[in-house]
Amino acid sequence: MQRDSRRTAARTAASVLMAAAVCAAAAAAPGTPAYRCGNAYTDQPCDGGRRVKVDDPRTDADRRAAEAATRRAESRADQLERIRLAQEREAYERDRRAAREARQAVLAERRLAAAEQAAQARARKLASEPHKSSARFSGGTAAEGGGRKKRKTGSDAG
C-alpha cells in the first residue's frame with residue numbers, strides 16, 4: 001500500500017519537475033523555442049523532435065485559479081487515499097477475523113466428531129461385553145437364601 005503511494009508521489013514529482021523545466025526554459029529566454037525529444041524537453045532541436053509552444057497566454061488571475069484548483073484536487077486525492085487505506089485496513093481485519101472464526105469452527109467440529117466417535121465406541125464396547133450377573137439379581141438364588149452368603153460366627157464351632 002505504501003509502495004503505491006510512494007510511486008504516485010514520485011510520478012507527481014517528476015511531472016512537476018518536467019513542467020518546471022519547460023517553464024524555466026521559456027522564462028530564461030523569451031521567444032526561444034522549446035523542443036520535445038522523446039520524453040525530454042530541450043532548447044536544442046533533435047532528430048525526430050518537434051517544436052513545442054511554451055508561451056502561456058493566461059492572466060495571473062487564471063494562473064492563480066488553476067493553481068488553487070490543483071491544490072484542492074491534490075488535497076482531495078490525499079483525503080481519498082487515506083479513506084481507501086482505512087477501508088483496506090478494515091477489510092483486512094475483517095477477513096482475518098473471519099478466517100480465525102472459521103478455523104475455530106472447524107476445530108470445534110473436529111472435537112465434536114471425536115467426542116461422538118468416542119461415545120459410539122464406548123456404547124459398542126458396553127454392548128459387546130458379557131453382562132456380569134450378581135447373586136442379588138439372579139432369579140434362582142434370591143428365592144432360596146436371600147442371595148447372600150451367611151457369615152460364620154465363633155459360636156458355631158462345635
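Three strands make up an open sheet here, in the order β2-β1-β3 and with antiparallel pairing. β2 (40-42) and β3 (50-52) are the edge strands with a single partner each, so one side of each has no neighbour in the sheet. Ignoring direction, neighbouring strands of this sheet are turned by 40° against each other on average; the axes behind that angle are lines fitted to C-alpha atoms, for helices over the stretch in contact, with angles running from 0 to 180 degrees between N-to-C directions. Strands count as paired if DSSP finds at least two bridges between them. The elements themselves are DSSP runs numbered from the N terminus: helices are H or I over at least four residues, strands are E over at least two.

A word on what you're looking at: this is a predicted model, where local features need pLDDT of at least 70, side-chain atom pairs count only at pLDDT 80 or more, and totals for chains, interfaces and linings use all residues. Residues are numbered from 1 along each chain as its sequence is written, and side-chain values use heavy atoms, leaving out hydrogens and water.

**The whole chain**

The protein chain has three helices and three strands, and along the sequence they follow the pattern α-β-β-β-α-α. Mean pLDDT (the predictor's confidence in each residue, from 0 to 100) is 81 for the chain, and 67% of its residues reach 70 or more. Where is confidence lowest, and where is it highest? Helix α3 (residues 139-145) is lowest at a mean of 52, while α2 is highest at 96.

How much of the chain is buried? Buried residues come to 3% of the 158 residues, where buried means under 20% relative accessible area, exposed means over 50%, and partly exposed lies in between (1.4 Å probe, protein chains only). As for contacts, meaning heavy atoms within 4.5 Å, take those in the protein chain with a separation of 6 or more: residues 24 or more positions apart account for 13% of them.

**Back to the sheet**

As a reminder, strands of a sheet pair through backbone hydrogen bonds, either parallel or antiparallel. On one side, β1 and β2 run antiparallel and are joined by three bridges; tyrosine 35 has threonine 42 in β2 as its bridge partner. The two strands form a hairpin with two residues between them, and glycine 38 in the turn has a positive phi of about 70°.

**The disulfide**

With a disulfide taken as a pair of cysteine sulfur atoms within 2.5 Å, the count comes to one. Which cysteines does the disulfide join? Cysteine 37 is linked to cysteine 46, at 1.7 Å from S to S. The torsion about their S-S bond is about -115°, so the disulfide is left-handed. Cysteine 46 is partly exposed, at a relative accessible area of 29%.

Side chains of opposite charge can pair when their charged atoms come close. A salt bridge here is a side-chain nitrogen of Lys or Arg within 4 Å of a carboxyl oxygen of Asp or Glu, and by that rule the count comes to three.

| Salt bridge | N to O distance |
|---|---|
| arginine 63 – aspartate 60 | 2.6 Å |
| arginine 84 – glutamate 88 | 2.9 Å |
| arginine 96 – glutamate 93 | 3.2 Å |

Take arginine 63 and aspartate 60: they sit three residues apart in helix α2 (residues 60-128), so about one helical turn separates them. Arginine 63 is partly exposed at 26% relative accessibility, and aspartate 60 is partly exposed too, at 48%.

Arginine 84 and glutamate 88 also lie in α2, four residues apart, which is about one turn of the helix. Arginine 84 counts as partly exposed at 31% relative accessibility, and glutamate 88 is likewise partly exposed at 31%.

Then there's arginine 96 with glutamate 93, both in α2 and three residues apart, about one turn of the helix. Arginine 96 is partly exposed with a relative accessible area of 42%, and glutamate 93 is partly exposed with 32%.
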